[in-house]
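Below is a short briefing on one model.

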Amino acid sequence: MDTSIWRPILYLIGVMAFAGVNAAWLGWCERKGAGHIQRRIGPKEVGPYGLLQPLADGIKLMTKQLLVPQGVDGILFRVAPVLAMIPAITSMVAIPFSATFHARPIELSVLLIFALASIGMMAILLGGWASNNKYSLISAARSVSQNVAYEIPMLITVITIVMLSGSMNLEEIALQQKGGFWNWYIFPIAGQSIAQAIIMPVSFLIFFTCSVAETNRAPFDMAEAESELIAGHMTEYGSMGFGLFMMGEYLNIVVGACLTAILFFGGWDSPLPFIPSGVLWFVLKIYLLIFTFIWIRWTYPRTQIYKLLNLSWKILIPFSLAILLLTAVFIKIEGILI
Amino acid sequence: MQTLFCQPAASPSLFSAEGFVGLIFLLTITIVIFGAAIATTSKRLVRCVAGLAVAFTGVAGVYYFLLSPFVAMMQMLIYVGAVSILIAFAVMMASPESHKGTYRGGVLAGPIGFSTGVIFFAALSILGLKTEWQAFPRQETGSIEHVGMAFLTTYSLVFELISIVLLLAIIGALVLARRGRSRV
């Protein structure tokens with residue numbers, strides 16, 4: 001294994017470029033998707049099919065004045081958007097795009113991604129609080145309670161996957177699912193084990209719901225419920241401060257999609273064994289998942305905050321705990337039988 | 001850390017491997033002290049919480065430095081991601097107005113705090129200087145298997161006691177929350 005320092009550095013540069021392009025053009029995808037779902041066209045003026053719209057938006061945001069309103073906490077107000085962006089980019093490094101396309105093998109990459117994701121929550125909290133605005137403060141409080149509530153079932157679901165695969169290494173988890181779509185952890189038919197066959201689809205539903213909630217997307221976008229809270233924690237931010245928050249949100253979606261693809265859809269594995277696997281499959285899977293994120297956002301109306309919290313504490317957490325228990329029991333039974 | 005202090009007086013060059021590692025260690029320690037200083041001296045509670053999160057991050061760095069990435073990441077996940085967030089949440093719940101400050105304590109708070117600090121510092125210094133430090137050989141790889149095995153065999157009593165503490169905390173929270181919103 002090449003342990004040179006240059007590989008991670010070069011990979012980091014590549015990943016940052018990938019992240020930047022994604023953060024910019026997913027905005028275009030979202031507007032286009034929203035448009036077509038609502039029987040509109042979406043952006044069409046700037047460039048062919050409006051493809052240059054993100055550039056125009058970027059130039060607009062960067063030329064605007066970086067306004068720091070009176071009465072805000074200056075340092076934290078400036079730190080928060082950066083803090084929203086850093087963990088999203090950094091956690092991209094832990095994601096293996098294919099068997100050979102990764103920065104370096106990280107033994108605990110699942111844990112690393114979740115550890116970094118927990119910093120992203122601090123950004124919304126600090127940004128909302130430093131803004132000295134009651135909408136922002138309410139948004140921060142909502143976002144924190146939501147994230148705390150949804151992190152628990154998400155982590156429990158990930159623990160079931162880790163128990164099944166016996167590894168916290170994303171690469172190892174993906175490699176265990178190779179050889180056709182029936183080996184992926186999501187599919188109930190002819191799975192590797194009984195445990196997986198019965199409960200993994202439920203597990204996937206819980207995980208995906210949680211990742212929608214963790215990335216603050218509609219129908220769970222309580223943090224920026226624009227009909228009640230203007231723009232939530234981003235109310236006081238203009239220009240690139242707002243831009244960084246938005247880019248952080250899209251990057252979190254990318255990271256969530258990557259995690260879902262690796263944990264449940266076999267990562268870079270091709271669905272049929274005779275088609276070669278590769279990084280293209282991984283990219284295809286994550287963009288399908290991202291499309292699902294956009295699709296859900298523009299199809300379902302926003303829920304209410306107490307319904308949201310009830311869903312997590314009363315349904316998702318008990319179900320995920322039951323799944324954890326069942327998985328443990330099944331693994332034990334299989335261990336005895338085999 | 002101990003191995004660093006046990007080395008002979010000739011300090012390694014900055015550009016050697018040891019020097020670079022030492023630099024990283026100093027960096028993590030600086031982050032911890034910086035965060036702790038913000039957490040204790042800042043006038044605004046938001047900044048105190050943010051400083052606490054920075055200090056926790058630095059401590060995670062120290063764990064990573066001590067070759068246990070698992071503990072380092074759990075530190076990030078639990079202390080930065082949960083504990084400091086919950087502290088911030090508690091502060092927010094306690095008083096909803098946006099201007100929250102820290103205030104000077106009573107007359108006795110200063111001297112008592114200072115003397116406690118001095119005693120604690122002196123005790124730790126004496127302990128640190130009197131003890132015959134010897135570099136432990138690295139026992140396990142610090143992987144999840146070893147941590148789990150240690151928890152369920154050697155340290156099972158401690159493990160169970162910690163879970164009882166957590167259970168008590170949950171019951172306490174339920175008792176507090178049972179009164180409902182109308183009476184608060």
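What percentage of the 184 residues in chain B do buried residues make up? The figure for chain B is 16%, where a residue is buried if 20 or more other C-beta atoms, placed from the backbone, lie within 10 Å of its own. This is a predicted model, in which local features need pLDDT of at least 70, side-chain atom pairs count only at pLDDT 80 or more, and totals for chains, interfaces and linings use all residues. Residues are numbered from 1 along each chain as its sequence is written, with chains lettered from A and ligands numbered from 1 in the order in which they are written.

**Chain A**
- Chain A has eleven helices and zero strands, these being DSSP runs numbered from the N terminus (helices H or I, at least four residues; strands E, at least two).
- The radius of gyration of chain A, 20 Å, is close to the 20 Å of the globule rule for 338 residues, so chain A is as compact as a globular protein of that length. The radius is taken over C-alpha atoms, and the rule is 2.2 Å times the number of residues to the power 0.38.
- Along the principal axes, the C-alpha atoms of chain A fill a box of roughly 70 × 45 × 45 Å.
- Of the 338 residues of chain A, 49% count as buried.
- Among contacts in chain A with a separation of 6 or more, 77% are between residues 24 or more positions apart; a contact requires C-beta atoms, placed from the backbone, within 7 Å.

**Chain B**
- Chain B comprises seven helices and zero strands.
- Residues 24 or more positions apart make up 52% of the contacts in chain B with a separation of 6 or more.

**Contact between the chains**
- Chain A contributes 21 residues to the contact and chain B contributes 18 residues.
- On the side of chain A that touches chain B, α4 and α5 (134-165) each supply at least two residues, and α4(A) gives the largest share, twelve residues.
- That side of chain A divides into 18 nonpolar, two polar and one charged residue (nonpolar: Ala, Val, Leu, Ile, Met, Phe, Trp, Tyr, Cys and Pro; charged: Asp, Glu, Lys and Arg; polar: the others, Gly among them).

**Nonpolar core**
- The largest nonpolar core has 119 residues, of which Leu125(A) and Leu126(A) touch the most other members; such a core is a set of buried Ala, Val, Leu, Ile, Met, Phe, Trp, Tyr and Cys residues joined through C-beta atoms within 7 Å.
- Helix α4 (residues 109-130) of chain A gives the most to this core, 17 residues.
- Beyond its neighbours within four places in sequence, Leu125(A) contacts Ala140(A), Val144(A), Ile85(B) and Ala88(B).

Note on methods:
A residue is buried if 20 or more other C-beta atoms lie within 10 Å of its own, exposed if 12 or fewer, and partly exposed in between; C-beta atoms are placed from the backbone. Two residues are in contact if their C-beta atoms, placed from the backbone, lie within 7 Å.
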